[in-house]
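I opened my notebook to look up which parts of this chain meet each other. Here is what I wrote down as I went along.

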Amino acid sequence: MKGSTAGRSGGAVLGSGRAGVGGGAGERKNGGRMGGPIRLPSTALLILLALLVAAGLAAGFPQHPQTASEAAAVAMVNGEPVTAGEWKHELQKQRSSVIAYFRQTYGGEADGDFWEGNFGGETPAAILKERALEAIVYRKLLLQEAKAYSVVEDTAYAYLLAEMERENKRRLEAQRAGRPVYGPLQFSEDDFTEFYLARIAVELKEAMASSGQAVTEEQLRQHYEQIKDPLFRQEDEVIFQLLSFPYRSGEGMEVYRKDRAQQQLETFGQRLERGEAMEESAAEVFAAAALPPETLAAGLHAGVAEAVFDSRTARYYYRALPGLYEWLNGGRQQGDVSPVIDDPAAGRYVLAAVLSSSTTGYRSFSEQRDNVRKHYMEGALERRLNGLRHGAVIKSMPLYHQMAVE
């Protein structure tokens, strides 16, 4: 995060010290010159090692040594390298989804030659590489934009891993001091990456909003038109009849078989759709069920009642009968008949038939302008990243093609 200095040196480590991809020809095992190793007295050697370790810790480097193979570039995103260490980790994350895709699409199984096999013109290894690179490209673009807004100081994967080690250290110290630790005590690489990027995205949205990013009145009006149906539509006024059929008493006793009650109401609904009157048909339903309405009406909420759904009553239905709320709020017309809706809290099924409806429209743009702008800015990051992705310069390096998937 901003203010951190870890991982900014080339000595910062990428990955967990696992063997890298590609050759390590540039590594010198003895650490000396070509003419032979330099031999130091043991005391001097220990002092030198201590100084090097102290310098690394002071800089906030991760504690795993970076190998040349892990630092090798697999691709470039706007001139910034995707290293082999980051690449291998992302390939491992994407493996299961690629296997599942080929199993579901082609019936392919991850046997010995699976990754280089040809399935309808697609090769699992190629798809895996494409998905892994796309995921890393998105991460790079997010971090590059965050750096432009001074939310982070570095975009390298080594910097992210340094942040993980620092966060894990902070959590251990908090636990030892008896302070609360929310979430895991120690993050894994996968979990921290998601946690870190989500936090960066939140801070970047705030930075973009506070930067006074220009948005025209025309853009806001267009956005209002796009979102008004789900967000600013006022509840229609719907007058309807509601049939209640209990299958459980207030004391929790079953008064009627639930499956049979549902079946009878579904048949009843079909009769209503053919134009039969609810009161007359309902009387037949209760009589067939041997549940007289005048008896059930005392405490078991059985029978037929007329009700109104509008801006005043919508909240009640939203809380008490969410299934009925969703149906009534869906642009109902006269003659519409609802599906059978369970009301488990009251131990009953309900079924509604619309008598009349009228549309009240939307909350106006002028009334909701601030909310429209807020919603617009919430989506600004996604739009920005989509634009950046369209214009991103992505170059695959030889290692991208050379590396085999196993």
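**Salt bridges**

I started with Arg-103 and Glu-109, whose side chains meet in a salt bridge at 3.5 Å, N to O. For a salt bridge I need a side-chain nitrogen of Lys or Arg within 4 Å of a carboxyl oxygen of Asp or Glu. Before going on, I noted that this is a predicted model, where local features need pLDDT of at least 70, side-chain atom pairs count only at pLDDT 80 or more, and totals for chains, interfaces and linings use all residues. I also noted that residues are numbered from 1 along each chain as its sequence is written, and that side-chain values use heavy atoms, with hydrogens and water left out.

Are these two partners buried or exposed, or something in between? Arg-103 is partly exposed, with a relative accessible area of 39%, and Glu-109 is partly exposed too, at 45%. My cut-offs here: buried is under 20% relative accessible area, exposed is over 50%, and partly exposed is in between (1.4 Å probe, protein chains only).

Next I looked up Arg-171, which has a salt bridge with Glu-167, and the closest N and O atoms are 2.8 Å apart. Both sit in helix H5 (residues 157-176), and because they are four residues apart there, about one helical turn separates them. Helices, by the way, are DSSP runs (H or I, at least four residues), numbered from the N terminus. Arg-171 is buried at 5%, and Glu-167 is buried at 9%.

Then came Arg-332 and Asp-336, another salt bridge, with the closest N and O atoms 3.2 Å apart. Arg-332 counts as buried at 18%, while Asp-336 is partly exposed at 22%.

I also found a network of salt bridges that links Glu-86, Glu-90, Lys-93, Arg-139 and Lys-140. How many salt bridges does the structure hold? My search gave 18.

**Aromatic rings**

A pair of aromatic rings is described by the distance of the centres and the angle of the planes. I count Phe, Tyr and Trp rings (for Trp, the six-membered ring) as a pair if their centres lie within 6.5 Å; planes under 30 degrees apart are stacked, over 60 edge-to-face, and the rest tilted. Searching the whole structure gave me 22 aromatic pairs.

I picked Tyr-106 and Phe-119: their ring centres are 6.0 Å apart and their planes are at 35°, so I call this pair tilted. It links distant parts of the chain, with Tyr-106 in helix H3 (residues 84-106) and Phe-119 in the loop between H3 and H4, 13 residues apart. Tyr-106 is partly exposed at 33%, but Phe-119 is buried at 17%.

My other pick was Phe-187 with Phe-192, where the centres are 5.5 Å apart and the planes are at 70°, so that pair is edge-to-face. Phe-187 is buried at 10%, and Phe-192 is buried at 0%.

Tyr-106 and Phe-119 turned up again in one aromatic cluster, together with Tyr-101, Phe-102, Phe-114 and Trp-115. One of these rings has a charge over it: Arg-131 lies over the face of Tyr-101, 5.3 Å from the ring centre. To count, NZ of Lys or CZ of Arg must be within 6 Å of the ring centre and within 35 degrees of the ring normal. I found a second case at Tyr-376, where the charged end of Arg-383 sits over the ring, 3.9 Å from its centre.

**Helix H13**

Tyr-376 is one of the buried residues of H13, along with Phe-365, Gln-368, Val-372 and Met-377.

**Cores and a buried Glu**

Last, I looked up the nonpolar cores, which are sets of buried Ala, Val, Leu, Ile, Met, Phe, Trp, Tyr and Cys residues joined through side-chain atoms within 4.5 Å. The largest has 57 residues, and Trp-87, Trp-115, Tyr-196 and Ile-200 touch the most other members. Helix H4 (residues 124-148) gives this core its largest share, 11 residues. Apart from it I found another core of 18 residues, including Tyr-247 and Leu-265.

Helix H4 also holds Glu-145, which is buried at 8%. Leaving out residues up to four places away in sequence, Glu-145 touches Leu-204, Arg-384 and Leu-388 (contact means heavy atoms within 4.5 Å).

Definitions and conventions. Helix = DSSP H or I, 4+ residues; strand = E, 2+ residues; numbered from the N terminus.
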